[in-house]
Amino acid sequence: MSDTENFPEFDPALAERLEAMDEAEAAQRATALRAGLQEYELDEEDLGLLEGASDDPDAITYLPALPVLAIVGRPNVGKSALVNRILGRREAVVEDVPGVTRDRVSYKAEWMNRRFTLVDTGGWEPDAKGINASVAAQAEVAVDLADAVLFVVDVNVGATATDEHVVRMLRSSGKPVLLVANKADDARHDYEAATLWSLGLGEPMPVSALHGRGVADLLDAALAILPEVSAVAREEVGGPRRVAILGRPNVGKSSLLNKAAGEERVVVNELAGTTRDPVDEQVEISGKVWRFVDTAGIRRRVHLQHGADFYASLRTSAALERAEVAVVLIDVSQPISEQDVRIIDLVLESGRALVLAFNKWDLLDDERRRYLEREIEQDLAHVSWAPRVNISARTGRHLEKLVPALELALQSWDTRIPTGKFNALIAELVAEHPHPVRGGKQPRILFGTQASTRPPTFVLFTTGFLDPGYRRFITRRLREVYGFEGTPITVNMRVRERRKR
C-alpha cells in the first residue's frame with residue numbers, strides 16, 4: 001500500500017457502533033482473542049506488556065525512560081563514525097573535516113537485547129570562539145543529560161591539551177566515563193592506546209569505529225555502567241501541566257511568556273537568541289495555572305554570531321524531556337521554514353502533545369494569509385491533527401485561546417481506549433478494508449492493546465508485517481473515531497509465529 005493509495009472514506013456510523021457497543025461484551029471478545037495468543041510464541045516482554053495494559057481510563061502508564069549514553073570528544077576524533085558503527089547504519093554525518101557535527105543528536109540504539117539512547121555531540125574545544133564555543137557548551141549539557149559517557153580520543157594523536165580540558169569537565173560531572181581510543185585499526189595501535197592511561201580515566205579501550213574492531217567489547221563495558229532505567233530522563237509527575245514554548249529564534253517565545261506572566265520575566269530584544277537561560281514560570285491563564293518553560297536559543301558563555309540554530313535545538317530537546325505539551329510558535333509574517341518543520345518533528349519524536357500557535361497574527365495582510373494557508377497545507381500536512389491558535393504574543397491578543405487548545409491536546413495525550421473497544425475497532429477495519437496479500441500471504445491481526453498513554457501507544461500482535469500504509473490507515477481511523485487532537489499516536493507491531501507442536 002503506497003502513500004498515494006486512497007483509504008476508504010470514513011463512515012461516522014462506525015464511531016456510533018463502537019460507542020453503543022456493550023462494554024462487557026467487548027471485554028469478553030478481547031479476553032477470547034487474548035487467550036488465542038497462547039497458541040503463538042510470546043516472549044517475556046510480550047507477556048509483561050499484556051499483563052501491564054490497563055483498561056482504567058485514568059491509569060497513567062509510562063514506558064520507562066531508556067538510559068542515555070553520550071559520546072564526547074574534541075573535533076574529528078571519529079565520534080559520528082562510532083555512532084554509525086553502534087547503530088549499525090549510517091545516521092550521523094561523517095566527513096573528513098573537523099567539526100562537521102553541529103547538533104546534539106539522539107538515536108535509539110540496542111545491544112544484547114538492551115535498548116538505550118545514544119547522544120552524538122559536536123567536538124569539544126576549550127576557550128573556543130564562535131560556533132566551537134556553542135559546540136563545547138552543548139557537549140557539556142549533553143554530559144549533564146547523560147547517565148554515562150564515552151570519551152573518544154584519537155589514538156594516532158594521543159592526549160592533547162584539549163583532551164585534558166575535557167577530562168576536567170568530565171570529572172566535575174561525576175558521571176561514569178569510558179575512555180575510547182579510536183582509530184586503533186590493528187593491534188599495533190594498542191601500545192599507543194596504553195599511553196592514554198595518563199589521562200586518569202582508567203583503562204583506555206582501543207577500537208576502530210571504521211572497521212568495528214573492539215566495538216563489541218566497548219558496548220559490553222558501556223552496558224555494565226548504564227542503569228536499567230535512566231536517572232536523568234525520568235518523568236515528572238504531578239503539579240501544574242508543563243508546557244514547552246518552542247520556535248526558531250526571534251519568533252516571540254519570550255514575549256509570549258512575559259505576556260502570559262504579566263511581567264517582564266525574560267529579556268526581550270530584537271536580536272535573535274538573546275535569552276540566556278531556560279526559565280520555568282508558573283503562569284495563570286483564564287484561571288488555570290500552567291508551568292511554562294522558555295527555550296530560546298541561548299548563548300551561555302560568549303556572545304556568538306553563529307550557531308544559534310544549533311543551540312536552540314539543544315534547548316528544544318532538553319525542554320521536551322521535561323514538558324508534557326509543546327506550543328510551537330510560528331511567525332506568520334515570514335514563510336514557514338525548514339527550521340519550523342524541524343522543531344515540530346522534534347516534538348513528534350519526543351512523543352509530546354502539540355499545539356501550533358501562529359504568532360504576530362496582527363501583522364497579517366490578505367495576501368500573506370493566502371500564502372500562509374498554502375504553506376500550512378504543504379509543509380504541515382503531517383500535523384493536521386494539532387490544534388491551531390492565532391495569537392499576538394506582543395499584544396496578548398487571543399492568548400486565552402491557548403488554554404482550550406492545551407487542554408484538548410493533553411486530554412488526547414492521556415486518552416486510553418479500552419482493550420475490548422480497540423479490538424472491536426480493528427475487527428471493523430479489517431472487514432472494511434482487508435490488508436493486501438503479499439507474497440501469497442495475508443497478515444492477520446491477532447490481538448491489539450494500548451500499551452501506554454502519553455503518548456497513546458498501541459501494540460498489534462500479527463502473523464506478518466503490516467504495510468506502513470495499512471498502519472497509517474489504522475492511525476487515521478483511530479483519529480476519526482476517538483479524536484486524539486493534539487497528540488502523536490504510535491502503532492507498533494509484534495509479528496509472532498504459531499508454537500511448534
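Entry on the sheet. I began with the strands and found that three of them form an open sheet in the order β13-β14-β15, with mixed pairing; two strands pair if DSSP finds at least two bridges between them, and helices (H or I, at least four residues) and strands (E, at least two) are DSSP runs numbered from the N terminus. The edge strands are β13 (445-452) and β15, each of which pairs on one side only.

Entry on the source. I note that this is a predicted model, in which local features need pLDDT of at least 70 and side-chain atom pairs count only at pLDDT 80 or more, while totals for chains, interfaces and linings use all residues. Residues are numbered from 1 along each chain as its sequence is written, and side-chain values use heavy atoms, with hydrogens and water left out.

Entry on strand pairing. β13 and β14 run antiparallel and are joined by six bridges; F447 stands opposite F461 in β14. I then saw that α15 packs on the sheet and touches β13, β14 and β15, its direction making about 135° with that of β15; contact means heavy atoms within 4.5 Å.

Entry on aromatic pairs. I found three in the structure, taking rings of Phe, Tyr and Trp (its six-membered ring) as paired if their centres lie within 6.5 Å, with planes under 30 degrees apart counted as stacked, over 60 as edge-to-face and the rest as tilted. The ring centres of F458 and F484 are 6.2 Å apart and their planes stand at 80°, so I recorded this pair as edge-to-face. F458 lies in strand β14 (residues 457-462) and F484 in the loop between α15 (468-482) and β15 (490-495), so that the pair links distant parts of the chain, 26 residues apart. Both F458 and F484 are buried, meaning under 20% relative accessible area, with exposed over 50% and partly exposed in between (1.4 Å probe, protein chains only). Ring pairs also link F422, F458 and F484 into a cluster.

Entry on α15. Y470 and F473 both lie in this helix, three residues apart, about one turn, and both are buried.

Notes. Axes fitted to C-alpha atoms, helices over the stretch in contact; angles between N-to-C directions.
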